[in-house]
Amino acid sequence: MGNPELEYSSKRAEAVSNTEVVSNPPPYSSITESIDEPPTYRQPSASHRLSCDGFSRSEGTVVIDECITHLKLLSTIAKLRNFIKGTDKLFGIHDSEVRNFSDPRKQAQAAARIQEKRWAVYVARAVDRFTVWWQTCLPKLNTSRISKLNSSSDAKIAWSANVMPPLDVIMVWHAFMLNPRAFLEDCLRQSKMSFWATGLPWDVINASMDDKTLVFYPGSEARINFETRTGRSWENVHDSPAKSLPCFGCKQEINAAWTEGSFGCHTDVAFAHCIGYADKSLRVSCPGCKFSTTHDTLRVQKFRSDVQKLLKDDMPMPGTLLSQNGTPADDENGDNVSFPNRLIKEGIRSELLQLTDLTENERTTIETIRDHLEGYLKSRSLMRRVNKTILASGNSSMPERISLRNMLSRYWDNSSPFAIDLVGAVIRQGTFVDKMDNIGWMHSPNLRSTMGHFIGKYDVFFQIMVKNKGHAVVPTLDVDLIWHTHQLSPIRYYTFSTAQMEGVFINHDDKIDEIKLNDAFAWTSRQYQKLTGGKIYSECTCWYCEAVRESNNQGLGRLIPSALHAKTNAALLHSSADNSTGGGKSKESHISSHNAVRILAQADPKAMQTKTAQLESCWEKAQRRSHSRSRSRGGGSAHEDPSRKTSYGPYARDPDIHREIYPCNPACVNITAGVAGNCMSGTQGVGLAQGACASGTMATQTRSKGKSFCSGIAGCGMSL
């Protein structure tokens with residue numbers, strides 16, 4: 001049997017050889033000089049030049065060439081993903097385990113789980129490599145004056161091919177930026193603002209990708225620089241088979257396997273028993289002191305480390321930098337987001353350090369820390385001391401309790417040094433990556449005009465958000481491509497967003513309940529019709545999009561001119577040349593659903609069935625109308641093949657994300673009262689956990705019937 005890692009390397013080397021002849025490495029001295037000096041820009045060849053070179057208009061969104069390069073990058077990532085998933089024996093995960101099941105259906109499920117597990121391990125390793133690259137290769141720039149960054153070219157990184165990281169690191173970078181508030185927070189907190197201000201270097205990325213083979217390789221100098229600076233191999237699969245961790249008992253280094261690749265006996269709980277670092281049930285015992293390291297202890301240690309950085313270096317705690325609008329906070333204007341920093345420094349520093357000392361309190365968890373913080377909030381004398389007030393009440397305010405909730409949300413199911421779990425972020429983006437690759441827009445002879453149409457549609461989408469602050473607004477796939485591309489130029493997106501939304505930095509939703517996603521998509525479709533005089537938002541003819549359009553045009557809506565035009569336009573979709581391939585695959589502009597997640601502890605367990613019944617009813621009405629039109633023209637039956645219907649439409653959460661395979665489930669949010677990730681006592685959380693913003697809109701406060709609702713600030717939505 002061959003070595004899968006060597007086979008992978010051979011295949012990649014063969015692909016690279018088609019794009020560039022790798023020269024001999026330069027002398028070590030020249031390597032040192034090139035990596036110690038600031039990165040410089042090397043012009044790509046003329047065939048790869050983008051018309052957006054140097055584009056920095058703060059009032060703009062995106063340009064066509066950026067969108068095309070983004071599509072190309074997504075196809076390159078999709079090719080990598082498919083290769084990793086299909087490489088037998090990689091990371092010790094064997095296809096042969098499928099034979100342990102006799103039922104063909106179980107075999108198919110097992111095969112899918114095995115492929116998913118390989119990708120999950122690869123992504124976990126990629127996030128680890130990105131972390132090292134973030135810490136060792138990116139310059140530090142400590143500033144909160146974003147306006148200065150926007151006008152200063154000196155503050156930005158001059159990317160060139162020779163300092164680009166490998167594709168797997170770029171993939172994590174890409175997913176991180178698509179959580180714009182988390183990305184801004186971490187760049188602020190960890191002094192990486194030049195990285196934030198620069199964004200993805202589209203020219204360099206475009207020149208580093210081969211148009212035919214879709215192999216990303218910026219050159220041998222980039223490989224040497226990356227390996228020298230990080231101590232990691234250029235290829236993900238060539239890195240160590242074990243993750244090095246510190247033992248919190250005796251401070252010695254211990255090694256945890258990335259995975260123990262045994263499938264197990266049941267497809268529904270595949271790999272759940274495995275105890276590697278990328279597994280759900282991590283447990284590695286120190287051979288010296290026998291201390292057991294788990295995901296829980298890693299999260300507690302992350303919290304303790306952040307407390308120590310606050311006390312020693314005055315580095316703010318996570319979740320204490322951005323206001324509810326997503327902009328850098330100003331406590332003088334009443335944001336109060338830095339309250340946790342004051343509480344720790346002025347009131348409970350010694351108590352927290354003792355509580356999180358795992359050598360003394362091995363069973364401490366983030367839930368334990370939360371419970372203690374709730375107890376501290378009830379101490380009036382402590383609150384008076386922390387806030388330096390002599391008021392008799394000494395009660396903590398609602399903004400202060402919310403700021404504590406935001407801080408703690410950074411530790412739920414997340415032991416990384418970042419505000420979110422980047423493994424989950426990359427996995428959720430996998431659905432979108434696959435859709436972009438499968439649609440085939442890259443092969444369109446009218447690609448530039450197609451992208452221009454999408455940009456115009458995105459402008460309307462953004463106006464819907466501007467005119468409906470606080471409402472969930474859901475993109476179609478074509479709009480989401482442009483929205484994503486916009487976010488990959490963070491300072492441009494920030495400037496445009498805050499200008500349009502009167503100081504609100506619009507976040508991109510990373511997790512939203514699939515039922516809420518359905519309602520919000522139907523609402524967004526109606527708003528698009530109103531703003532465009534009846535143009536169709538979802539130009540797809542799948543059964544779900546047909547059902548949504550039918551529901552939009554029922555009742556009083558038929559009397560509204562925009563709805564009447566929309567009804568006519570919807571009828572024309574079936575005769576459009578763009579949809580002649582059957583099912584509208586050539587356009588495929590239905591709902592973008594990569595962020596759909598299942599909500600546990602749903603208040604109404606029958607909600608899914610109810611929504612499905614409503615959609616099917618509307619779809620049947622649309623089909624009867626289509627059939628009548630066909631008969632009036634003398635044609636045959638226009639009824640759609642019932643097999644095209646799925647149980648809940650194309651927007652449901654990614655069926656390939658299996659919760660037992662990951663340390664933290666990327667496709668589910670638990671909103672049960674008291675569960676980690678929800679609100680602390682006193683903030684009465686009823687929404688989603690960390691990462692959930694109102695369908696990609698904004699974290700802003702609105703009022704209804706005397707109550708204030710905050711939709712989408714990190715942690716969970718809440719009724720105050």
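Buried means under 20% relative accessible area, exposed means over 50%, and partly exposed lies in between (1.4 Å probe, protein chains only). The exercises below use these words for a predicted model, in which local features need pLDDT of at least 70, side-chain atom pairs count only at pLDDT 80 or more, and totals for chains, interfaces and linings use all residues. Residues are numbered from 1 along each chain as its sequence is written, and side-chain values use heavy atoms, with hydrogens and water left out.

**Exercise 1. Find the salt-bridge partner of Lys72 and say where both residues lie.**

Step 1: Recall the rule. A salt bridge is a side-chain nitrogen of Lys or Arg within 4 Å of a carboxyl oxygen of Asp or Glu. By this rule the structure has 24 salt bridges.

Step 2: Look around Lys72. Its side chain meets that of Asp211 in a salt bridge, at 2.3 Å from N to O.

Step 3: Lys72 is in helix H3, while Asp211 is in the loop between helix H9 (202-207) and helix H10 (220-230), so the pair links distant parts of the chain, 139 residues apart. Helices here (H or I, at least four residues) and strands (E, at least two) are DSSP runs, numbered from the N terminus.

Step 4: Check accessibility. Lys72 is buried, with a relative accessible area of 4%, whereas Asp211 counts as exposed at 53%.

**Exercise 2. Describe the salt bridge between Asp65 and Arg448.**

Step 1: Take the distance, which is 2.8 Å from N to O.

Step 2: Locate the ends. Asp65 belongs to helix H3 (residues 64-85) and Arg448 to helix H17, 383 residues apart.

Step 3: Compare the surroundings. Asp65 is buried at 9% relative accessible area, and Arg448 is partly exposed at 43%.

**Exercise 3. Which network does the Arg129 and Asp239 salt bridge belong to?**

Step 1: Start with the pair. The side chains of Arg129 and Asp239 meet at 2.7 Å, N to O.

Step 2: Arg129 lies in helix H4 and Asp239 in the loop between H10 and strand S1 (242-246), so the pair ties together parts 110 residues apart in sequence. Both Arg129 and Asp239 are buried.

Step 3: Follow the shared partners. They join Asp128, Arg129, Asp168, Arg232, Asp239 and Lys243 into one network.

**Exercise 4. Classify the ring pairs Trp133 with Trp173 and Tyr458 with Phe461.**

Step 1: Apply the definition. Rings of Phe, Tyr and Trp (its six-membered ring) pair if their centres lie within 6.5 Å; planes under 30 degrees apart count as stacked, over 60 as edge-to-face and the rest as tilted. The structure holds 34 aromatic pairs.

Step 2: The centres of Trp133 and Trp173 are 5.5 Å apart with planes at 45 degrees, so this pair is tilted. Trp133 is in helix H4 (residues 104-137) and Trp173 in helix H6 (residues 167-177), so the pair ties together parts 40 residues apart in sequence. Both Trp133 and Trp173 are buried.

Step 3: For Tyr458 and Phe461, the centres are 6.3 Å apart and the planes at 25 degrees, so the pair is stacked. These two residues are three apart in helix H17 (residues 447-467), separated by about one helical turn. Tyr458 and Phe461 are both buried.
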